[in-house]
Amino acid sequence: MDRGQLINWLKEPAKMSNKYSLHVVYFCTGCGIIEIPPSITARWDAERFGVKPVATPRQANLFLITGYVSLKTLKPIIRTYEQMPEPKYTVAFGSCPIDGGMYWDSYNTINHLDKFIPVDGYIAGCMPRPESIFVGVTHLWTMIDKGMADGYKRYRENYDRYRSNQEELYGELGWPPLFERDEKNAQ
Amino acid sequence: MEILNEKAVSDSTRELELYFGPQHQGMVGNFSITLKVEGDRIKEATANPGYLHRGFEKLMEYRNWIQNFPLVCRVNVIEPGSMEMVYSRGVERLAGIEVPERAKYVRSIYLELSRAASHLFGLWAYSNMLGFDTVSNWAMYHRDLILDLFEELTGGRVYHIYIWPGGVRRDFPESFPDRIRETLHEIGGKVPDYNNTFFNNRIFHDRAKGIGTINRAEARNMGGTGQVLRATGMKYDIRKVEPYGAYDEVPWDVPTREDGDAYSRIMVVRDELIESVHMIFKLLDRLPEGSVYNRPANPFKWKIPAGESYVRLESSRGELGLYLVSDGGNRPYRVHFRTPSYPHGLTVLEEALKGESISDVGNIMMSLYVTAPEIDR
Amino acid sequence: MLNEIGKQIEQSFAGVSAETGGEYRLKVEADKESVLSILGFLKNHSYDHLALISCVDRIEAGQLELVYLLNSYMESDDRYGEREKGTIILKTTVSREDPEIGTAIHVFQNAEPYERELHEMFGIDFDGHPRQIPLFLEKDYAIPPFRKDFDTRDYVEKELESIPAVED
């Protein structure tokens, strides 16, 4: 690496090691799963970017939401997101999480994903090619450098509103709230 | 897996209820199974679909006949070509549209390439489940070579919108058959390596023989088709029973095995892949000249005459059917897909898992070729 | 082949009409009390593959039309004859206000998930089905979602789009 990058690394080692080893939770949420196996195998090797899939959310720091989200899938997504340790980043694939995509008038899918969990970036396409996925990862590196990838901080600050949206969709949720009220006031 | 509740049944055994849930390293697709286990053996399994339900059949009633094509190919994400073919044939049968001779051959070549790509994806999933990472990387690479061919022909890697009522949308480009032959020679030349590394491997035999056995009477009773039936010795293939396209104009064989366990099903998949490659060479040799498209007059203002039709074809997973009802207007009145993973994933899977060990759940599920988006639609 | 089966059905059961239509298709219309015995009769005459149970909402006539699609597996291992090409379409109607009919599980084992899906999507009650619990849906709907008077665009507008965005 050159002198500028070396100085960056000495100033903030945590940021450099964070962004060059993004571990992805292995969760196939929608029809975008068809372009993930080509990305992680030999032809479009994702491990040269530091991205590899891991088994549990406790070991991961990147969550890829591949495609549309149905009402039944959103509950495991919220629970998996809340189990990941901080700092954590979320990237949404395809045009369906942005504003509904092709299934905008379906009674069983949600149209705007960022009403329920915070999203750091979107990759457009239906489905995006493996090269688009890698361009998205490099954009995420730039955002981490500048401190703009702060979805987890926004979740902590606005947790009341996220939780009330989730309860309006489902009624009674089966798990207790993640953050207490005084912690939000103390921020 | 989460442990939901425990009940102490007796002093020496305890029955647990485990969730082989949607977020799991061994699950391909968004599907979950609830298992009641005692020690390591499964006593009862309940399939839990519905994570991918979009209500396709309701959405298709709000769009024109021609606007439904981009929707239809997303029902089965791994093999979209067979979905477009079955919808096109349903519309052609209701409206009485004829297809030219060259278009039948082009459709058959496209469907066989789709079948080969889908079997290579299934091989990736199965060997990944067992832990053979070498073979899974090879299979995904060879599937990518076939996707390059699709990208040259139709413009997209995964979703093509190529088959249209009246033929196909555009003809083969210059010297495209030579590129098909080159790719297939490269894939076919690697088959001895696949055999030595995976199919003749002692570890694969130990892990797959005698696991998840479904015999012929059970398969017939539970509505199984495709590999589940052909692995018990019955040569039931819709391409021979009720031929469509150009399948009755080339000589080919239906591969079968005898035992009905996971090993037989995977060997039938391998034999079908080799048979598809041979069939594409024969079809390319006999390709006739002519046009590939009988252009219908103004498809945006179509009104299909009232009636109903049921068409079926053989996809890589089994028998795929479509029941289509029209009331004479410019939208479908009722659409219902009969997908092959529906009986396999909901009835056959619960029967095949009884008495097996927990470490074989993914093994059996992948050898039955359960594809979750096909069940939920 | 299909003509003979059609004539046998008309002779054995009362109030049933059978007609062939198109290549290798036979359409049989019956009332809901005799459906189970016709299914057993066809299974004994080698039409033992239940491909699909479907339902069409005929809202003008005030009825739900149930459709059973039957094919035939091969009898011998390598001969492809005329019988395997045919499909039998068996139809019956139930009323929209109070739809109920007996279950076909005792005749065909794989009818179970089809009937469970029709129960939650159309509201039909199958007598004797062991588990009529939801298969795909997460929430409860006032009108079953696949009926013609459930407007899905209206539902999305009222229930899902009305959730406010989180200000960032």
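This is a predicted model: local features need pLDDT of at least 70, side-chain atom pairs count only at pLDDT 80 or more; totals for chains, interfaces and linings use all residues.
Local features need pLDDT of at least 70, side-chain atom pairs count only at pLDDT 80 or more, and totals for chains, interfaces and linings use all residues. Residues are numbered from 1 along each chain as its sequence is written, while chains are lettered from A and ligands numbered from 1 in the order in which they are written.

Start with chain A. It has nine helices and five strands. Here helices (H or I, at least four residues) and strands (E, at least two) are DSSP runs, numbered from the N terminus. From that end, the order is α-α-β-α-β-β-α-β-α-β-α-α-α-α. The C-alpha trace spans about 55 × 45 × 25 Å along its principal axes.

Of the 187 residues in chain A, 40% are buried. A residue is buried if 20 or more other C-beta atoms lie within 10 Å of its own, exposed if 12 or fewer, and partly exposed in between; C-beta atoms are placed from the backbone.

Now look at strand 3 of chain A, residues 62-66. Five of its five residues are buried. In a regular strand the side chains alternate between the two faces of the sheet. In strand 3 of chain A, both faces are covered. Leu62(A), Leu64(A) and Thr66(A) lie on one side, with Phe63(A) and Ile65(A) on the other. Strand 3 pairs with strand 4 (residues 89-93) of chain A in the parallel sense, over five bridges. Pairing requires that DSSP finds at least two bridges between the strands. Leu64(A) stands opposite Val91(A) in strand 4. Between these strands the chain passes through helix 4 (residues 71-83) of chain A, and this β-α-β crossover is right-handed. Right-handed means that, with the strands pointing away from the viewer, the path from the first strand over the helix to the second runs clockwise.

The loop between helix 4 and strand 4 of chain A holds Pro87(A). A cis peptide bond, with omega about -5 degrees, joins Glu86(A) to Pro87(A). Another cis bond runs from Cys126(A) to Met127(A), with omega near -5 degrees. Most residues other than glycine have a negative phi, and most peptide bonds are trans.

Chain A also touches its partners. Two residues are in contact if their C-beta atoms, placed from the backbone, lie within 7 Å. The contact with chain B takes 27 residues from chain B and 29 residues from chain A. Helix 5 (residues 133-154) of chain B gives the most to chain B's side, with five residues. The contact with chain C takes 13 residues from chain C and 16 residues from chain A.

Finish with two serines. Ser175(B) has a positive phi, near 55 degrees. With 8 C-beta neighbours inside 10 Å, Ser175(B) counts as exposed. Ser46(C) has a positive phi of about 75 degrees. Ser46(C) is partly exposed, with 14 other C-beta atoms within 10 Å.
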